[in-house]
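Reader: I've got a model open and want to talk through the packing. Can you take my questions as they come?

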Amino acid sequence: MSSFVQARLPKDLLHPVREWLETIEINNSKLAHFLCKSIPAQCPFERDITLFGRKLLHIPPMCKLNPLYEEVVGLRFRALCYLADECGEDVTAYC
């Protein structure tokens with residue numbers, strides 16, 4: 001019989017980071033602008049590889065593989081909402 005104690009790992013190791021991202025409050029227009037510029041509206045990895053006008057290969061969006069994707073997109077959305085609702089700015093430049 002083994003005498004070592006197995007350490008219990010939490011089921012979701014990223015849970016504290018998820019909670020932190022979800023609790024960030026946007027109350028500064030500079031922070032909101034920074035987040036909207038930093039977080040892309042679309043996945044930057046999706047590509048079509050073409051040669052002589054013919055599509056050879058499609059690289060699918062890999063952003064969904066990011067375990068924090070939903071939280072980061074939610075943070076960007078909250079920043080956009082702050083700029084539009086609280087500051088009255090036009091956010092079409094970020095879409």
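Reader: Which hand is the crossing where α2 passes α3?
Author: Left-handed. The term applies if the near helix is turned anticlockwise from the far one by less than a right angle; clockwise would be right-handed. This is a predicted model: local features need pLDDT of at least 70, side-chain atom pairs count only at pLDDT 80 or more, and totals for chains, interfaces and linings use all residues. Residues are numbered from 1 along each chain as its sequence is written, and side-chain values use heavy atoms, with hydrogens and water left out.

Reader: At what angle do the axes of α2 and α3 cross?
Author: At roughly 135°. Helix α2 covers residues 29-38 and helix α3 covers residues 69-86, and their axes come within 9 Å. That makes α2 oblique to α3. Angles under 35 degrees count as roughly parallel, over 145 as roughly antiparallel, 65 to 115 as roughly perpendicular, and the rest as oblique. Axes are lines fitted to C-alpha atoms, for helices over the stretch in contact, and angles run from 0 to 180 degrees between N-to-C directions.

Reader: Which residues of α2 meet α3?
Author: Ser29, Ala32, His33, Leu35 and Cys36. On the α3 side they meet Leu75, Arg76, Ala79, Leu80, Tyr82 and Leu83. Contact means heavy atoms within 4.5 Å.

Reader: How do the residues of that contact divide into nonpolar, polar and charged?
Author: The contact of α2 with α3 has 8 nonpolar, 2 polar and 1 charged. Ala, Val, Leu, Ile, Met, Phe, Trp, Tyr, Cys and Pro count as nonpolar, Asp, Glu, Lys and Arg as charged, and the others, Gly among them, as polar.

Reader: Now α1. What's the angle between α1 and α3?
Author: About 10°, with their axes 9 Å apart. They are therefore roughly parallel to each other. Arg18, Leu21 and Glu22 in α1 meet Glu71, Val72, Leu75 and Arg78 in α3. By class, that contact has 3 nonpolar, no polar and 4 charged residues.

Reader: Charged, okay. How many salt bridges does the structure hold?
Author: 2. A salt bridge needs a side-chain nitrogen of Lys or Arg within 4 Å of a carboxyl oxygen of Asp or Glu. In one, the side chains of Arg18 and Glu71 meet at 3.4 Å, N to O. Arg18 sits in helix α1 (residues 15-23) and Glu71 in helix α3, 53 residues apart, so the pair links distant parts of the chain.

Reader: Is Arg18 buried or exposed?
Author: Buried, and so is Glu71. Buried means under 20% relative accessible area, exposed over 50%, partly exposed in between (1.4 Å probe, protein chains only).

Reader: And what does Lys55 form a salt bridge with?
Author: Asp48, with the closest N and O atoms 4.0 Å apart. Lys55 counts as exposed, at 56% relative accessibility. Asp48 counts as partly exposed, at 43%.

Reader: Step back. What pattern does the chain follow?
Author: Along the sequence, α-α-β-β-α. That comes to 3 helices and 2 strands. Helices (H or I, at least four residues) and strands (E, at least two) are DSSP runs, numbered from the N terminus. The chain has 95 residues, and buried ones make up 20% of them. Of the contacts with a separation of 6 or more, 55% join residues 24 or more positions apart.

Reader: Backbone next. What's phi of Phe52?
Author: Near 55°, a positive value in a residue other than glycine. Most residues other than glycine have a negative phi. Phe52 lies in the loop between β1 and β2 (54-59). Phe52 is exposed, with a relative accessible area of 78%.

Reader: Where does Phe45 lie?
Author: In the loop between α2 and β1. Phe45 is partly exposed, with a relative accessible area of 48%. Leaving out residues up to four places away in sequence, Phe45 touches Ile59, Pro60, Met62 and Cys63. Phe45 and Pro61 are 16 residues apart in sequence, yet their C-alpha atoms are 5.7 Å apart.

Reader: Last one. What is Ala41 in contact with, its neighbours within four places aside?
Author: Arg76 and Tyr94. Ala41 is in the loop between α2 and β1 (47-51). Its C-alpha is 9.5 Å from that of Phe77, 36 residues apart along the chain.
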